Amino acid sequence: MARKIIIDTDPGQDDAVAILLALASPELDVLGLTAVAGNVPLELTARNARIVCELAGRTDLPVHAGCDRPMARDLVTAEHVHGKTGLDGADLPDPTMPLAEGHAVDFIVETLRREAAGTVTLCPLGPLTNIATALERAPDIAGRIERIVLMGGAYFEVGNITPAAEFNIYVDPEAAHAVFACGAPITVLPLDVTHKALTTRARNAAFREAGRVGEVVAGWTGFFERFDKAKYGSEGAPLHDPLVIAWLLRPDLFTGREVNVEIEVDSPLTRGMTVADWWGVTDRAANALFIGDVDADGFFHLLTERLSRL
């Protein structure tokens with residue numbers, strides 16, 4: 001049977017590609033999308049999620065708007081990376097499908113309570129505000145989650161929004177702290193692995209040859225990569241969020257370790273730092289599978305092939 005997932009997202013070009021990969025994959029049953037403020041404000045992330053659904057021909061999917069700000073801080077956004085809309089790089093029409101009624105947090109809670117325990121995986125691609133708020137309002141759902149598979153954090157790669165922190169965790173460190181402490185099984189796709197999956201010229205060319213949707217994706221990645229290429233001096237940009245979906249589809253492409261992960265919430269200097277005990281130097285119990293490596297060619301082959309199906 002297809003694995004049931006909820007995608008919690010703040011699109012973002014790489015979020016959009018992750019959603020498309022999920023919708024192109026029969027192994028996954030996407031129960032709905034929940035939008036959160038992150039890369040751009042909530043009004044735009046909710047809009048962008050619906051644009052992606054329409055691009056994939058999935059106007060039947062519920063898209064719920066969620067939290068418009070972090071749990072305890074002012075919102076930090078990333079238009080400097082993703083452009084003013086969050087989906088700059090492709091000219092797509094405004095969505096015609098409406099937002100689903102009800103708050104995203106309520107949808108997450110109700111879905112986890114309705115479905116059999118241990119059958120729904122949560123896939124957060126942005127700040128963890130919606131997930132943590134759901135856990136705060138309904139602590140009983142933690143034991144019903146099959147797994148949380150998230151993009152966020154870093155260890156060897158440290159930070160991309162500050163010297164110490166990755167963007168998704170930095171935006172709402174209190175939410176991240178709550179999620180990592182919730183007791184549900186967690187898989188983390190940090191910068192350490194996403195920085196090994198670069199959108200090179202050849203890979204972008206392969207997207208363009210993958211049909212109508214691939215052409216759009218190539219436009220997005222062509223825009224998105226300009227920032228990271230200038231920042232890191234690399235051949236392309238990390239394609240972060242689709243690795244979450246790829247791990248669900250092909251975990252054999254990845255390697256990592258079960259480690260303890262804690263989130264720094266107090267220090268202004270290292271706010272949002274992902275303190276991953278990669279070397280096992282503490283006695284803290286492991287609470288996450290922290291991914292460190294990926295077969296990048298295998299990942300891009302999977303992604304391009306699936307995009308060609310849409």
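Thr194 is found in helix 8, which covers residues 191-194, in what is a predicted model. With a relative accessibility of 0%, Thr194 counts as buried, because buried means under 20% relative accessible area. When residues up to four places away in sequence are not counted, Thr194 touches Met151, Leu189, Pro238, Leu239, His240 and Leu243.

Eight strands form an open sheet in the order 3-2-1-4-5-6-10-7, and their pairing is mixed. Strand 3 (63-65) and strand 7 (254-259) stand at the edges, each with a single partner strand, so one side of each is left without a neighbour in the sheet. From one strand to the next, the twist averages 25°. Within this sheet, strand 6 (residues 186-189) and strand 10 run parallel and are joined by two bridges, and Val188 stands opposite Phe290 in strand 10.

| Helix | Strands it lies across or touches | Angle |
|---|---|---|
| Helix 2 (residues 42-55) | strand 1, strand 2 and strand 3 | about 180° with strand 3 |

Which residues are buried in helix 4 (residues 104-114)? They are Ala104, Val105, Phe107, Ile108, Val109, Thr111 and Leu112, and these buried residues of helix 4 pack against strand 1, strand 2, strand 3, strand 4 (120-124), helix 5 (129-137) and strand 5 (145-151).

Helix 5 is mostly covered, since seven of its nine residues are buried, namely Thr129, Asn130, Ile131, Ala132, Thr133, Ala134 and Leu135. The cover over the buried residues of helix 5 includes strand 1, strand 2, helix 4, strand 4, strand 5 and helix 7 (173-180), while helix 5 is in turn among the elements against which the buried residues of helix 4 pack.

The last topic is the surface. Is Val281 buried or exposed? Val281, placed in the loop between strand 9 (274-276) and strand 10 (288-294), has a relative accessible area of 69% and is therefore exposed, because exposed means over 50%. Together with Phe156 and Trp279, Val281 forms a nonpolar patch on the surface, and the accessible area of these residues together is about 390 Å². Thr194, by contrast, has a relative accessibility of 0% and counts as buried.

Conventions
Residues are numbered from 1 along each chain as its sequence is written. This is a predicted model: local features need pLDDT of at least 70, side-chain atom pairs count only at pLDDT 80 or more; totals for chains, interfaces and linings use all residues. Side-chain values use heavy atoms; hydrogens and water are left out. Patches are made of residues with over 30% relative accessible area and no salt bridge: like charges are joined within 9 Å, nonpolar side chains (Val, Leu, Ile, Met, Phe, Trp, Tyr) within 5 Å. Accessible areas come from the Shrake-Rupley method with a 1.4 Å probe; for residues, only the protein chains shown count as cover. A salt bridge is a side-chain nitrogen of Lys or Arg within 4 Å of a carboxyl oxygen of Asp or Glu. Helices (H or I, at least four residues) and strands (E, at least two) are DSSP runs, numbered from the N terminus. Buried means under 20% relative accessible area, exposed over 50%, partly exposed in between (1.4 Å probe, protein chains only). Two strands pair if DSSP finds at least two bridges between them. Axes are lines fitted to C-alpha atoms, for helices over the stretch in contact, and angles run from 0 to 180 degrees between N-to-C directions. Contact means heavy atoms within 4.5 Å.
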